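Please look over the sequence and the model below before reading on. The paragraphs that follow go through a few parts of the structure in turn.

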Amino acid sequence: MIAKINSGKSTAGLIRYLFDTEKAKGHTDPHLVASFDGFAPDPGRAEDADAVRKLLVADLDLHVKQAGRLGRAPERHVWHCSVRAAESDRILTDEEWADVARRVVHATGIAPEGDPDGCRWVVVRHAPDHIHIAATTVRADLRGARHWNDYLTADRELAAVEKHYGLHRVVRGDRTAAKRPTRAEQEKAKRAGHHQTPRDRLRAAARTAVAAATSTEDFLALLEHTDGVLVDVKRFPSGDIRGYTLALKGDTNSEREAIWYSGSKLSPDLSWPRISERLAATARTTRPWQDAITAIEHIPHALAHDGAPAAQAHITALGETLDALPLLAPAPYREELRRAAAAFERASRSRIQAENHHAARLRGAVRAMLRTPPPNSSDGTLLALLLDTIVLATAATLRWHDLHHHDQQVTATRNALTHLHVAADQAATTALATVKRAGPASPAVRLRYEHTVRVVLPEHADTILNAPDWDALAATLARADTNGLNPVETLRAAAQRPLDDARYPARLLAWRIQQSTHTAQTPRTVPPAPQPTPAPTPQPGGPRTRH
């Protein structure tokens, strides 16, 4: 169920609309299903509807007029709450709708149960799937109604109603979602031939810059060099930066002035203080690609065993990793990865405040990845391993959000997983082709290493041995054996990291073994310190910063 709450100045105008069957489309059989005292006159069941409607308005406005004589009546004294059921819900009876309304007016403070001085209200039903609660916000003691945060309290009560009546459970938010584009913004973008509104495009640009930047100065520099983005830096009298706003070139108001958005208006986690905090929590790394994979492999364990602030930090850093992936991946994978990042944006934050230092290793590794060529990347296994590992971390994120009842984040994570699966499968196809070119495993080799799998991974053995990717794992074990590595110990080492959520454990193990073999054969060197500007070259022609 979804509530929508408005205020107004005219009780008569609202009642006229609710009982109208001529001008208002879809209004059929309007009638009262409940009222503040159970005796309110019902225009929908009266022969002289106009006269009865006036009586109903007079009843509702009684305390408003009394307060008006004392100069205490609020100008917007009408409280209007519509409650709509989901399309899949059964048709509720009038008695059930009356119960829903009583629970809502109680929860919101309009008419608390047992309060003789509560506000006057009625419930009108003129369609099968929704009701309207009309109330006046002056109590019998002539004080104003105490209905602060009425939308949130009504929403919480409707969640309980859904459970009580076995109705569709609406996915509810926690007030951490980015602000949606307005209807005007959407129509304006449509007229301009754009699929995204300026707000959405600027949010994506800012998130990508955060994922790539090594400092706040670097963050602003990246935005300044992003094609089509205008940057206005706000400073204290001391010269220190206190914030920033962004605008899209060509997006103007009626005065032909650029329309600016502060970071916090784009998303709660894009405010200047939040960005500064995250960029300060970054660790140096010597092997960014391997360290990133190791850090991501740790996320499922961290989400299961660490405290909520630490877990939220890992999820935030995972979101930054997804924002950076389109800059790292080959062209065929970028579109799915962009969609995954856009979907996960909603899942990357919650009401839980992240302790960002817990994810410093991953954050530092991702930024260094943008400046360091991937080692041994020609066979495609490194990217395949990275994406399959991210899939496991995202699946763990889904469980964590579900455990904490973060409904919107659960939905967002599921959507992100859909796109990540596509990208991971595309990368796996390339990597598997490389393995096949190196020579498939013979039947004798497969039989030999089948025993190894059953010894090391008895709980996963049937899944692995019956998978189409088993041949690739067998061939990988054979090459490790040829290179002097013990296949049992090699497989056991690869299986020490998360595997339970893997859709294709055989290929994941093959990637891990190949990369561990590459790492063992590669001398350990320290890369140069990251430069202020990341490796992905921003598009030229970006506008200058306004100061």
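Which element gives the most to the lining of the largest cavity? The model in which this is asked is a predicted one, and in it the answer is α14, which contributes three residues to that lining. The count of cavities of 30 Å³ or more comes to one, and the space in the largest cavity is about 70 Å³. Around this space stand D388, V391, L392, A502, R503, Y504, R507 and L508. Two elements, α14 (381–403) and α20 (505–521), are the ones that give two or more residues to the lining of the largest cavity. By residue class, this lining divides into five nonpolar and three charged residues, with no polar ones.

The charged residues of that lining lead on to the salt bridges. Side chains of opposite charge can pair when their charged atoms come close. R507, which lines the largest cavity, forms a salt bridge with D388, and the closest N and O atoms of the two are 3.0 Å apart. Are R507 and D388 buried or exposed? R507 counts as buried because its relative accessibility is 5%, and D388 counts as buried because its relative accessibility is 8%.

R503, another residue of the cavity lining, takes part in a salt bridge as well, for its side chain meets that of D425 at 2.8 Å, N to O. Here too distant parts of the chain are linked: D425 lies in helix α15 (residues 407–437), whereas R503 lies in the loop between α19 (487–495) and α20, and the two are 78 residues apart. D425 counts as partly exposed because its relative accessibility is 26%, and R503 likewise counts as partly exposed because its relative accessibility is 33%, where the cut-off for buried is under 20% and the one for exposed is over 50%.

How many salt bridges does the structure hold? There are 37 of them, and one is formed by R363 with E320, whose closest N and O atoms are 3.0 Å apart. This pair also links distant parts of the chain, with R363 in helix α13 (residues 360–369) and E320 in helix α11 (residues 308–328), 43 residues apart. Both R363 and E320 are buried. Elsewhere, salt bridges join into a network, and the residues linked in this way are R207, D269, D323, E345 and R349.

From the cavity and the salt bridges, the reader may turn to a pocket. The second largest pocket has a volume of about 410 Å³. Its lining is made up of 22 residues, and those nearest the centre of the pocket are S35, F36, R102, A111 and W121. The elements that give two or more residues to the lining of this pocket are β2 (31–35) and α3 (94–108), and of the elements it is α3 that gives the most, with four residues. The lining of the second largest pocket divides into 10 nonpolar, six polar and six charged residues.

The last part of this walk concerns a sheet. Strands of a sheet pair through backbone hydrogen bonds, either parallel or antiparallel. In this model three strands form an open sheet in the order β6-β7-β8, and their pairing is antiparallel. The edge strands are β6 and β8, each of which pairs on one side only. Strand β6 (residues 229–235) pairs with β7 over seven bridges, and within this pairing K234 stands opposite G243 of β7. The two strands β6 and β7 form a hairpin with five residues between them, and in the turn G239 has a positive phi of about 100°.

How many of the eight residues of strand β7 are buried? Strand β7 (residues 241–248) is mostly covered, with six of its eight residues buried.

Key. Residues are numbered from 1 along each chain as its sequence is written. This is a predicted model: local features need pLDDT of at least 70, side-chain atom pairs count only at pLDDT 80 or more; totals for chains, interfaces and linings use all residues. Side-chain values use heavy atoms; hydrogens and water are left out. Buried means under 20% relative accessible area, exposed over 50%, partly exposed in between (1.4 Å probe, protein chains only). Two strands pair if DSSP finds at least two bridges between them. On a 1 Å grid over the protein atoms alone, a cavity is a set of points where a 1.4 Å probe fits but cannot get out, and a pocket is an open set with protein on both sides within 12 Å along at least five of seven lines; lining residues have an atom within 4 Å of a point. Grid points are joined across faces, edges and corners, and a volume is the space filled by probe spheres set on the points. Ala, Val, Leu, Ile, Met, Phe, Trp, Tyr, Cys and Pro count as nonpolar, Asp, Glu, Lys and Arg as charged, and the others, Gly among them, as polar. A salt bridge is a side-chain nitrogen of Lys or Arg within 4 Å of a carboxyl oxygen of Asp or Glu.
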